[in-house]
Every structure is written in structure tokens, then in C-alpha cells.
Amino acid sequence: MANTKVDAVIVGSGSAGSLLAAKLSQAGKKVLVLEAGPKRGMADLVSSQIWARRLKWAGPATETGGKDPLSIGFGSGWGTGGAGMHHYACWFRLHPEDFEMKSRFGKGLDWPISYDDLRPAYDQVQKEVGISGDADKEVWRPKGDAYPMPPLSMLKQGRLIARGFEKLGLRTAPLPMAINSVEYNGRPACIYDGWCDAGCPTKALANPLTVYLPQAIQAGATVVHQGAVTRVLTNAEGTRATGVEYFNALGQRVVQEADVVVLAAYTFETPRILLNSRPGGLANSSGMVGRYMMAHTTSNVYGLFDEETQNYLGLTGGQLVSQDSYAKDPQKGYLGSSQWLIANAMKPNDLLGISNTRPDLFGEPLHAFLRDASANLGTMTFVGEALPDADNRLVLSEKKDRHGFPLAQVTHQFGPDAIKCWEAGLKQGKAIFEAAGAKQVWTGGRAQMHTMGGAIMGRSAETSVANGYGQAHGVGNLFLAGSSLFPTSGGVNPTFTVTALAARSARFLVDNWKSL
Amino acid sequence: MSDSSNTDQQRREALAKMGTGLVAISVSTAWGQVSPQKARASGAVLKRLTTLEGKNLEALGDVLLPGAARAGIAHFVDDQLGSPTPLLMLRYVDYPVPFLDFYRQGLGSLENLSRTRHAKSFSALSLEQKVEIVREVSRENPSGWSGPPAPLFYFVTRGDAVDVCYGTQEGFKRLNIPYLGHILPTKKW
């Protein structure tokens, strides 16, 4: 079956897709958003770590392997708003040097755009979405407009850990968050109940359901749920997208024609759809679709304090940030940036819950630990850069989804720079907690967060998949959005950059619609 | 921030009215939606796990976190395994579906290990024997183990035990921490 042709079909209703839907609709375009998962509203954001698992990916499985397998299920989203519904709202700008790794340091890749190119979009999105923070105290912050809201409050856990930084001469600043510290744009202020990762129904946290999707719908966009896109359809040469093929909730194959196709389907599905779209892959003359899959290294530092930490309060992302180790200095013995997200709110259960801070404990000692740690545990999260590596790659599997299309298979391992950066971070983190007065200090094992790459932007059609606007090389009316585009990871959470890139793409699309 | 201010409390209460139930976990039984603990107490029959598997999962749960059996770990897992999108910790470790295989194979390996070493079912072992096996499972694949990696099986089932014991409003209360829920679930997930 076939639907009525639209101006733009957007695959994915997450942070990037929702912004593009809003901007294109507001520009008068007829927009259809296809979301693979079910429909959700704010009333579905139940405060429970168990219920929150509904928000995580439940679509076609991706096989994950390699020395450091990428996590698929935890970071992905499922349903309206995608991963944006459970993201922690730590909104950072990449630093200027993150865009110029190859030319400045001889390692990694260069972006086709500079920080100055992206800065207007950062400033625009920051105002539209609302960010709380203190630009002056973030001494590492790239130039940009001051935050529209004052910082969120620092609570007990933050104050306890901050004293460790102070004793070691390290600086902290309020964490810049896309969470309201005061009422902003009709949304209320945060009440610090620590359920951010279960989805925030208060509307204090900016997610697709609170900001851009309502704008898109108000401007006339349609969102179709349980619409699993399998391919971008093209002309015979594969040089023009004609629409997409998807399977609806009834399992029926539907052709949706469109003048413009936007793939904003997260890091694993965007390259999979491209590879499935035609033999050899769509927009893949470079062979780069699926390459440069990346993630940040991460671990938590934990400490038990004599004082109560009230770790159940606050924000899942944390209260403070320190980027004193962000500078990329090859003299350190590695190339990479990192930061600390300090004083994360915690709940007893779940993957990042208090119980898993000591996965070795079981039996009565686990009960005792939970009682102690619920009162006195403090933590902070390391976020470390990993350099892009073409061999970290997503390819098509021999296994198929229920519609007969190959699943994705991804292989990943961290390089030596990323591992050294992580090792240095953990050593520093333990020292900070000891200086803060924690009576027991330990760290979690090396893990990874924030998947990026797989359909990177670049200057050349021979070495990248899309240009600086997310426009696919060789397919002028196909646009890619999301962290798939990142040629480098930087050392900061990606959602602000994802959203800013989408805003830049939207502007380009509107301004150049007739010549695409 | 005044976390205990009247204003914040009023907003919590208003948000909670979007749902009206206790923050509980529930399973589907002949008596309707009840907590896993009540399902177990009322003798609800497991629908996916066998009786032996359920018994061993309870025994394992009580080693991992004493009280997990009474809290209904077997009924919780069994009920979730009937969902196309189970809300189990297993969902986060990218293990291939069907999830029933994970539990079936892991519990089967646990039972085989127990019978090989002690000529008894796992649930019939002494606490010391159970702890010894669980400690080994938490670290490496014991000889003859098949199915999911033993440490992964330990990690996931331990997570299930924590879910049923502490992932609820009652669990938070036992830890003396406020739940502060915005929206409380009213129905089966």
C-alpha cells in the first residue's frame, strides 16, 4: 500500500527528528514522522526503574561484539521521543579542537565544519530549549551566549564531592542541563526527585515531548507510530531518494513517497537502513557507511561518606561538572578529552543503581551495603573521548528481522589513547574522593556510553557519508541526523550537539529546498 | 532548592494523580493483577518456567538477596517472560531473544552443576553449598556450564532479586529513603 506523498518523511522522533519535524513544518512543509516504537505521552513516564525499561530499544536486535562491545539496549530509545525520552539532559557544547583533531593533532578526523559554524545553532537551540547553568563558572566553556536560566541547585552530595576537587586545586561548575531551574517557556522548574532517567513527566527536563514534537504537531506534522522503516527508496541510479518503505503496526508494507528523506533513527538503525536500501548500501560510494562507530569510555567513582549524601535527590546526570582534564595535550601520553559529571542521583535497583556499584556482593552483605549506601554513597561519572577508528564497524548480519531484512552486526574496541585517558581519569577520580573524605573509595569497570558515528560527515565524498549539513553525498535529497554524523566524539555528552546539528540541517533544508 | 517545601510536595501530589496506584510490581494471575509476592503466596502457577526452574530461581534468589523468593522473584520473571518486551535487567545486556532461553539454560546449568557436585537439586543444597556455587558462578564459567556466561547469569538474576526486593515503594521504605515518585503505575507494564 502507498500513502499520499509528503514533502519530507523523517525516520525517528527523537531529539534530532523532532526538531527537524518542527522546523520543516513551521516552514510550511508537509511532514510525516515515522517512529518504530509505540506512542507515548507524558503520563507514561512512570517513576520506576523497572517501568523505565519500556523506554529502551525493543526493535530489531543488533549483534554486538569485539573487545569492547557497544551497548545497544541501554542507550537507545523505543517509542515517541526515542532516546531523548530517557536522556539525562547534560547539555554541553563540543570544544573547537574537537572539530579539528586531524589537522591540529594528526590523529582522528576533522569535521567539515568548525565550532564557529555550529555556534549559532548551539545558541539558537539553547534559547529554544532552555539550559540552566553558569557560563562564567564553566571556565572551559567555548564562547557562546550565556545560559537563559540560572544554574540548578547544588545539594548535599554535590557539596561533599566538590570539597575533594577544591582540595586538589581542581575546578567545578554547575552542570549545564536542559532542565529548568526556574519556569521557562511555560515549563516548570525541576523538583530534584532524581527520576530523570525514567523519563521526566514534570516537563522540567527538555525531551522531544516537551519541546519540538508538540511544535511539529501544532504546525501540522503527522507522527506515525509502530512504523518500522526498512529501506530508503530511490531512483534506479540511487542518486535521488523517492521515499521510504516501512511496515506498519499490522505488518503491512507501506510505501511513503517524499521529496526529502531524513534518517534520524539513532546510531545503529541509520546505517542499517542505508546498507539495506540497495546493494552495496545507499550513499555508500565511499564504503564509509557503518564505519567509525564510537562511544565514550566511562566508569563511576564511588565513595562512602560519614555524612548522609541524600543521593536519591537531584538529577541523574549530576550536579556539577569539571573539565579541568579536557585539554588535548599529547604530552599527557595520550590524546583525548574527559570530564567529570559529579553527584549523580541514584536509586537502589537497575543497571546504574546502588546495588550494581558493588556487583561482587550478594546475600546478607548486599542487604547491609544497600542500607549503608542508600544513606552515605556518593558518586561521579567519568566521560572520556575515544578516537575514531574505521575498523569499529557496523555491517549487515546474516540474520534477518521479521520483515526479512538483515540485522546489524557491530564490532568495537577502544584504542590505546582512549584506554590511557580512562586510566588517568580513574586515578584522578579516586584521589578526588579520598580528598573529599570518603571512608571507602572504589571504581566501576570500564564501560562505554553515548554511541556515535556510523554515517559520519566530512568534506569528501570519498571519506565520509554526508556533508556538514547532514546531506548525503551523492543523494542530494537524503539527510542524516543524529550522532551517527559525528566524526569525533569529543569528551562531552552528545545531545546538545545532535540538536544543534539538526537545527543547522533544518535551516539549510528550508533555505535550499528547491535546489536539493 | 527546598526539597521538602510545600510547593514541591503539592506538585508531587498533583503529578501522582496522573496515576493513582501504589508503586508496585505486579503479575497477571487468575485473581487479576497482584504483586509477585501475593502471586507466590496464593500459589499461582508459573506459566513459562517449569516448577523445577521456579524452585531453583527462588533458591538462587534467596542466596543472592535473602527474601527474594518471598518477594516473588520467580513469579516476576515468569510473568515478564510472557511479554513481547520484558522489563527485566536482561534487556540491558543485549542478550539475544528469546529471553526464556537465558533463564532456562542458566538454571539448567545451575541444576546440572549442583547434581554433579552434590547429587542434589540446587534448591535442596545447604546454604553453604549454594553460596559456594554462586560465588563460582559469579566469577567464571564452572566446568560443564553451558548457555549464558555464568557471570552474566549471576549479574542478571542478582538484578532481578534487587528489583523485587528494593525496586518498589516498599523497598525504598525498607532502605529509609523517600520514593518521591512523580507518576505511580496503576497497571501491569
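The structure is a predicted model, in which local features need pLDDT of at least 70 and side-chain atom pairs count only at pLDDT 80 or more, whereas totals for chains, interfaces and linings use all residues. Residues are numbered from 1 along each chain as its sequence is written, chains are lettered from A and ligands numbered from 1 in the order in which they are written, and side-chain values use heavy atoms, with hydrogens and water left out.

Chain B contains 9 helices and 2 strands, where helices (H or I, at least four residues) and strands (E, at least two) are DSSP runs numbered from the N terminus. Read from the N terminus on, the elements of chain B follow the order α-β-β-α-α-α-α-α-α-α-α. Chain B has 189 residues, of which 53% count as buried; buried stands for under 20% relative accessible area, exposed for over 50%, and partly exposed for values in between (1.4 Å probe, protein chains only). Contact is taken as heavy atoms within 4.5 Å, and among the contacts in chain B between residues at least 6 apart in sequence, 62% join residues at least 24 apart.

Between them, chain B and chain A bury about 4400 Å², with 64% of it on carbon and sulfur atoms; buried area is the accessible area (1.4 Å probe) that two parts lose on being put together, summed over both. To this contact chain B gives 47 residues and chain A gives 51 residues. The interface holds 23 residue pairs in polar contact, both residues being at pLDDT 80 or more; such a contact is a pair of N or O atoms within 3.5 Å, where within protein one must be able to donate a hydrogen and the other to accept it, and residues adjacent in sequence count only if both atoms are side-chain atoms. On the side of chain B that touches chain A, the elements giving two or more residues are helix H1 (6-16), H3, helix H7 (127-139) and H8 of chain B, and H8(B) gives the most, with 6 residues. The interface of chain B and chain A also contains 1 salt bridge, a term that denotes a side-chain nitrogen of Lys or Arg within 4 Å of a carboxyl oxygen of Asp or Glu. In a salt bridge, the side chains of Arg53(A) and Asp163(B) meet at 2.7 Å, N to O.

A nonpolar core is a set of buried Ala, Val, Leu, Ile, Met, Phe, Trp, Tyr and Cys residues joined through side-chain atoms within 4.5 Å. The largest such core has 182 residues, and those touching the most other members are Ile179(A), Val232(A), Leu274(A), Leu478(A), Leu480(A), Val77(B) and Tyr103(B). The largest share of this core, 10 residues, comes from H8(B). A second, separate core of 21 residues includes Ala162(A), Phe165(A), Ile342(A) and Phe382(A).

Helix H7 of chain A (residues 364-376) comprises 13 residues and spans 18 Å from its first C-alpha to its last, close to the 18 Å expected at 1.5 Å a residue, the expected span being 1.5 Å times one less than the number of residues. Its buried residues are Leu366(A), His367(A), Phe369(A), Leu370(A), Ala373(A), Ser374(A) and Asn376(A). The cover over these buried residues includes strands E9 (294-304), E12 (377-384) and E15 (440-443) of chain A, together with helices H3 (51-64) and H8 (150-166) of chain B.

Over all chains, the structure holds 25 salt bridges. One of them joins the side chains of Arg163(A) and Glu307(A) at 3.0 Å, N to O; Arg163(A) lies in helix H4 (residues 156-167) of chain A and Glu307(A) in the loop between E9 and strand E10 (320-322) of chain A, so the pair ties together parts that are 144 residues apart in sequence. Arg163(A) is partly exposed at 26% relative accessible area, and Glu307(A) is likewise partly exposed at 31%. In chain B, Glu58(B) forms a salt bridge with Arg40(B), the closest N and O atoms being 2.7 Å apart; Glu58(B) belongs to helix H3 and Arg40(B) to helix H2 (residues 36-41), 18 residues apart. Here Glu58(B) counts as buried at 15% relative accessibility, whereas Arg40(B) is partly exposed at 33%. In chain A, a network of salt bridges links Arg93(A), Arg119(A), Asp123(A) and Asp145(A). Asp123(A), in helix H3 (residues 115-129) of chain A, is buried at 11% relative accessibility.
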